[in-house]
Amino acid sequence: MPSSPSSSARWSALIDRSARVAPMSTLFDDDPDRLAKHTLEAAGLVLDASKNRVDDALLAALFDLARASGVEARRAAMWAGDKINITEQRAVLHVALRAAPDALFPVDGRNVVPDVHAVLDHMAAFVGQVRDGAWTGHAGHAITDVIHIGIGGSDLGPRFACAALHAYRHERLTVRFVANVDAQAMDDALASLDAATTLFVIASKTFTTSETMMNAHTARAWSLAGGVPEAELHRHFVAVSTNEKAVTAFGIDVANMFGFWDWVGGRYSLWSAIGLPIALACGMERFRELLAGARAMDDHFASAPLESNLPVRLALMGIVNANLLGARSVCVAPYHQHLELLPAHLQQVEMESNGKSVDLDGEPVAQPTVPVIWGQPGTNAQHAYFQCLHQGTEWAPIDFVAVIDPAHRHLEHHRALLANCFAQSEALMRGKTTDAARAELLEAGRSDADADRLAPHKTFAGNRPSNTIVLQRLDPASLGALVALYEHKVMVQGAIWNVDSFDQWGVELGKVLAKTIVDELEHGAAGSHDASTTALIDRARAIRTVDPA
């Protein structure tokens, strides 16, 4: 098992080499081939990584780091079905979920691909019935509304994909999502719906996830109150789970239970039956196109040399920014409204995966791991926090995501959108000197005194890095490739940081403590807690629910 690279002479040399890299504007001026060297294309995506503080020598050293860190070996182990999630002793095979029918992905000596395609066929039959109206509620009416109940990866992935593929939605079906245990989310989702035409998808592998099951039972009670006979609940509820006994006890026919496997991590599960709402909203054909786009990126990642590998390059630019230059956050700025939830999805994919402080040996990591991921769509973002990104004391690299062909006909809007996207990355890279700002002020007719006074406020440091990822259009295939790109970036960075990218113990402690506090809120005074937590519990117990009306 490779040791953490941060303690090696190679890592120290990387830091020294990074400090000697010329400003990016100089790198462009001195190397007419820079763009070609730093532009990669695969699976319908283009990555322009040229606006990073990396020269040829540093890039070569980064590829050496990746090889020394065992990136290629961990990739091969993942594809082989080895249990690279070492703390849970599980294989990590979300790539098998989008594999071709004749592919081979073994887990414990068994090829799982036939099982994957059996579930896909099961989904296809069900989705077809719901979408064409053959599947009806208890009163014989076609389903008009689908509510997906899950949490974490069982919610964020399909929620994001449905939003991104809004242009492909079914004209009759509306798909909504409930994840938060806050009942306001459920009330908002159920508002104005008719129980007779509503279908619930309950997504919980064990069918015991506390938040999901609380919401599921609320949905069940709402359905019964809305006139659905208990014996007919199976017309209004389906499950994505593996717990047949619990599913049956809830009132769901196991024939309408869609399974998945313990080698599917929640944040990597939208490709599985967890993606059922995507298929319902957009159709099974579109869902298969989503899988195909991800598979194209998988094939590229598995076969391309590190030097021409999109996920590897994106990961290495992240290593430069986080570990060599000290950036503690990354802004994701999609310039497409339907990609609004991309930052939220990537928050889970990256931060839950690599938000680790011990390495594979259980020792403290010797370098920062994943930075904080945040962002929102451009051009909104430009009027929110881009001021800080351009001139603030805290800087953050940015991943710009641009789509060339819009789904609408307002081309003047789209030109303005793309112009802003491209201009922001250029401005962050080039900046503006104080002398240039002063000259502009004088040219605008300002006095020497005004120019001297205002020029520092109009100075931009520049040399601030970004990546630009370009999609020709936002369709299921390109979306699949985009998400897979980031998934593989996570694996590469996890290998370099020498952490387990596929467990998530950090979400457990608070959930365990919450079980105790729930009982205390309901039945008695706070038990053994710190003074702050005790006071909060006592304050909450003193509040009684009142009718908001």
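Residues are numbered from 1 along each chain as its sequence is written, and side-chain values use heavy atoms, with hydrogens and water left out. Because the model is predicted, local features were considered at pLDDT of at least 70 and side-chain atom pairs at pLDDT 80 or more, whereas totals for chains, interfaces and linings use all residues.

Helices (H or I, at least four residues) and strands (E, at least two) are taken as DSSP runs and numbered from the N terminus, and two strands are said to pair if DSSP finds at least two bridges between them.

In helix H8 (residues 183–190), Met186, Ala189 and Leu190 are buried, where buried means under 20% relative accessible area, exposed over 50% and partly exposed in between (1.4 Å probe, protein chains only). Seen down the axis of H8, these buried residues fall within an arc of 90°, so they line one face of the helix; the arc is that of the directions from the helix axis to the C-beta atoms. The buried residues of H8 pack against S5, S6, S7 and H9, contact being defined as heavy atoms within 4.5 Å. Just after H8, Ser192 takes a positive phi of about 70°.

Strand S13 (residues 466–473) is mostly covered, with six of its eight residues buried. Strand S2 (residues 45–48) runs antiparallel to S13 and is joined to it by four bridges, with Ile469 of S13 as the bridge partner of Leu47. Strand S12 (residues 398–405), in turn, runs parallel to S13 and is joined to it by seven bridges, and here Ala402 has Val470 of S13 as its bridge partner.

Asn321 is placed in helix H13 (residues 310–324) and is buried, with a relative accessible area of 4%. Leaving aside neighbours within four places in sequence, Asn321 is in contact with Asn52, Gly326, Ala327, Trp395, Pro397 and Pro465. Ser269 is located in the loop between S9 and H11 and counts as buried at 1% relative accessibility. A polar atom of the Ser269 side chain lies 2.6 Å from the backbone oxygen of Gly266. With neighbours within four places in sequence again left aside, the contacts of Ser269 are Gly153, Ser154, Val264, Ile274 and Gly275.

A search of the whole structure finds 22 salt bridges, each defined as a side-chain nitrogen of Lys or Arg within 4 Å of a carboxyl oxygen of Asp or Glu. One of these joins Glu352 and Arg267, whose closest N and O atoms are 3.0 Å apart. Glu352 lies in helix H14 (residues 342–354) and Arg267 in the loop between S9 and helix H11 (276–282), so the pair ties together parts that are 85 residues apart in sequence. Arg267 counts as buried, at 2% relative accessibility. Asp452 forms a further salt bridge with Arg438, the closest N and O atoms being 2.5 Å apart. This pair links helix H18 (residues 448–454), which holds Asp452, to helix H17 (residues 434–443), which holds Arg438, the two residues being 14 residues apart. Asp452 is partly exposed, with a relative accessible area of 45%, and Arg438 also counts as partly exposed, at 26% relative accessibility. The side chains of Arg90 and Glu88 meet in a salt bridge at 3.8 Å, N to O; Arg90 is partly exposed at a relative accessible area of 29%, and Glu88 is partly exposed at 24%. Finally, Asp31, Lys37 and Asp56 are linked in a network of salt bridges.

Methods:
A polar contact is a pair of N or O atoms within 3.5 Å; within protein, one must be able to donate a hydrogen and the other to accept it, and residues adjacent in sequence count only if both atoms are side-chain atoms.
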